[in-house]
Amino acid sequence: MRHTISVLVENKFGVLSRVSGLFSGRGYNIESLSVGETIDPQISIMTIVTAGDDQIIEQITKQLNKLIDVIKVIDFMEVAHVEREMVLVKIAPRKEDKAEVLRLAEIFRGRIVDSGPKTFTIEVTGDEKKIEAFVELMKGYGVKEFARTGKVAMAREGVKK
Amino acid sequence: MKKSGAEILIECLKREGVKHIFGYPGGVVLNIFDTLHDEKDIKLILTRHEQGAVHAADGYARASGKVGVALVTSGPGATNTVTGIANASMDSIPIVVFSGQVPTMLIGNDAFQEADIVGITRPCTKYNFLVKDAADLARTVREAFYIASTGRPGPVLIDLPKDVTAGKSEFIWPQQVNIRSYNPTYEGNKWALKQAADEIARAKKPVIMAGGGVIISGASKELKELAEFVNAPVTMTLMGLGGFPGTNRLSMGMLGMHGTYYANMAVQNADLLIGIGVRFDDRVTGKVGSFAPHAKIIHIDIDPTSIRKNVRVDVPVVGDVKLALREILKLLKEDAKKQRSETGKAWLEQIGRWKKERPLTYKYDKNIIKPEFVVEKIYELTKGEAIICTEVGQNQMWAAQFYKYDKPRKWLSSGGLGTMGYGFPAAIGAQIACPNDLVIDIAGDGSIQMNIQELATAVINKLPIKVAILNNGYLGMVRQWQELFFKERYSHTHLESGNPDFVKVAEAYGAVGLRATKPEEVEPVIKEALKVKNRPVFMDFVVDWKEKVYPMVPAGASIDEMIFDEEKEEKKEKKLKAVK
């Protein structure tokens with residue numbers, strides 16, 4: 001089962017290594033990871049996507065909580081939430097495909113963030129399924145470069161799962 | 001007035017109540033050693049290897065309950081501490097290790113004697129720090145001692161770049177430690193404790209399984225009270241020996257791979273297993289799927305990650321063992337003064353039968369020294385009051401089986417990591433912490449050679465440590481496995497031809513060397529050793545090399561599938577048949 005876990009940590013050097021070491025040291029895999037400062041510059045938030053059975057996830061959340069620099073752990077499996085990730089795709093379509101690519105970008109509410117004589121760079125934000133669908137479509141049009149963020153997540157207000 | 005980083009460090013150590021540091025000097029810690037030169041309140045014990053320093057700090061902590069301290073230089077000095085740190089980490093021992101580091105501006109430059117010790121020790125410390133500014137030093141030391149000694153204790157490392165100890169800063173001692181992300185749970189959940197008490201009151205065949213957590217939290221009194229109140233038999237893990245009196249009628253000794261027959265049988269037939277300050281290590285559970293198959297499991301531990309890590313748990317209690325036991329006792333007493341002593345009677349009788357059926361034993365031989373006999377004699381002649389340290393292997397298991405520990409902090413053994421070479425330096429730490437106690441290291445001829453250089457430390461400090469070398473000329477435990485499971489192919493376990501004359505080694509260092517080669521010499525040698533009060537003694541007991549540790553649960557088997565000495569031949573035949 002895949003879980004999205006947010007971890008509030010002290011914004012200090014070495015903390016990322018402690019968290020990632022916890023996973024690697026136990027043979028657990030991190031599927032995606034995003035880290036950023038919060039509004040409080042002393043605190044960072046990490047959003048980790050990982051997979052495992054209930055016992056593994058229980059160990060992961062307990063071990064995370066045990067780390068001295070970890071302030072709070074939220075497993076979004078237990079909470080109604082929104083998830084977003086972003087992808088940048090640089091694409092070099094044939095002349096006759098250009099209009100189609102732009103149309104597809106529009107359908108996915110993508111934005112053209114750069115365009116040159118040969119390429120477009122399209123930014124798309126959304127949940128995992130949307131990103132995957134978009135990437136799949138673009139594959140037919142000559143993807144030159146590709147960059148994807150990890151997931152970030154946030155609980156919905158007042159909705160219990 | 002500003003102080004140097006080194007002065008601040010020493011001042012901090014004084015405020016933490018540190019009296020002894022185990023250490024080894026080097027280039028980047030010269031400022032600290034220079035400050036220590038005039039220091040009256042703190043004594044540095046110079047070991048002969050950094051691994052020895054950390055094990056000594058560990059032994060000091062185990063014997064005294066205080067935080068042990070080690071101080072080493074950068075690079076190789078620091079990397080030499082890793083085994084000691086990992087050892088303390090596995091056994092939850094509070095130590096603080098100070099390592100020197102190259103000056104901050106050189107960090108990452110592959111400078112001379114540079115090692116990323118914070119990176120290297122990250123997985124084997126409870127926490128570690130790199131101090132970048134002398135102004136942070138006092139707070140860091142305070143936090144390090146706090147983290148090391150609270151919650152589930154463990155080793156903490158502080159890396160000190162040379163410019164930090166040389167630099168100057170105001171000394172401000174933080175009155176409080178406040179780490180917002182570190183708040184160990186001491187009070188167990190009320191509801192869970194109630195559940196636990198109910199299960200205990202209801203159980204017909206309860207077994208208490210006590211671990212190192214009982215000793216760490218100082219809960220021996222509460223444990224004894226609980227066991228006697230509910231009339232429940234108690235087994236101990238290797239780390240828990242001494243947490244409950246080994247001579248008590250309810251004690252079943254150790255369980256697990258080399259545990260007693262009756263302890264393992266009791267666990268496998270119990271209807272309730274009360275795990276107290278344990279982590280259900282694989283050496284204890286054997287095959288997890290068939291561990292305690294009929295029992296509900298109550299698990300009390302301060303570390304939530306221990307719970308449900310290895311075995312299923314019906315009633316988890318996260319909290320300090322001592323507080324939890326007090327609460328459970330209170331609930332049992334006020335609520336149901338159930339006739340536990342009555343319901344427990346049949347169960348205790350059953351355990352009594354198992355005890356009679358297969359007691360912990362060995363065959364005495366009048367021609368050759370049996371290692372168990374040596375341990376038994378040591379027990380007898382020290383009246384069970386010595387602090388026993390062990391190395392790792394057969395010596396450790398025999399010391400666990402044939403010496404009975406009635407009090408906590410009298411048994412110092414590398415449980416989790418299984419570190420050969422632990423016992424002797426740990427004995428040095430223990431003897432420094434408890435100068436009036438009798439400290440004995442039960443060793444093997446393999447293990448003792450892993451830190452034999454510490455003889456110099458023991459001699460120079462006039463420590464009357466007794467080392468009993470159960471000398472069988474082999475890496476005995478590995479040899480035992482080779483005999484039983486690898487068709488007697490003794491690949492690289494024979495040491496005898498390369499072994500030194502241990503008596504001469506002792507004498508060369510200025511210690512006393514004694515030897516016994518016949519059973520009748522064992523007692524006089526021990527008596528002679530016990531007379532020596534001002535230096536260490538090596539007792540070289542030339543023992544039967546064929547002797548094995550029994551009972552034994554083969555790896556991957558359930559703990560009631562034990563093999564015994566007399567069954568050896570039979571089993572072998574069975575195995576051969578199975579192979580055919």
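Start in chain B: select domain 1 and domain 3, where 25 residues of domain 1 are in contact with 26 residues of domain 3. Here "in contact" is meant in the sense that the C-beta atoms of two residues, placed from the backbone, lie within 7 Å.

A quick word on what you have open. This is a predicted model, in which local features need pLDDT of at least 70 and side-chain atom pairs count only at pLDDT 80 or more, while totals for chains, interfaces and linings use all residues. Residues are numbered from 1 along each chain as its sequence is written, and chains are lettered from A and ligands numbered from 1 in the order in which they are written.

**Stop 1**

Now colour the side of domain 1 that touches domain 3. β2 (20-23), β3 (43-46), α3 (50-64) and α5 (82-90) of chain B each put in at least two residues. Helices (H or I, at least four residues) and strands (E, at least two) are DSSP runs, numbered from the N terminus. Go to α3(B) next, as it has the largest share of this side, with eleven residues.

Ala, Val, Leu, Ile, Met, Phe, Trp, Tyr, Cys and Pro count as nonpolar, Asp, Glu, Lys and Arg as charged, and the others, Gly among them, as polar.

**Stop 2: inside chain A**

Hop over to chain A and select domain 1 (2-79) and domain 2 (82-155). Their C-alpha centres are separated by 28 Å. Nine residues of domain 1 of chain A and seven residues of domain 2 of chain A take part in the contact.

On the domain 1 side, look at β1 (2-10), β2 (30-37) and β3 (43-51) of chain A, the elements that give two or more residues. β2(A) gives the most, with three residues. Which classes turn up on this side of domain 1 of chain A? Four residues are nonpolar, five are polar and none are charged.

**Stop 3: where the chains meet**

Finally, show both chains: 16 residues of chain A are in contact with 13 residues of chain B. On the chain A side, pick out α1 (15-25), α2 (54-66) and β4 (70-75), which give two or more residues each. α2(A) has the largest share, six residues. Colour this side of chain A by class and you'll find three nonpolar, seven polar and six charged residues.

Note on methods. Domains from an automatic or database assignment.
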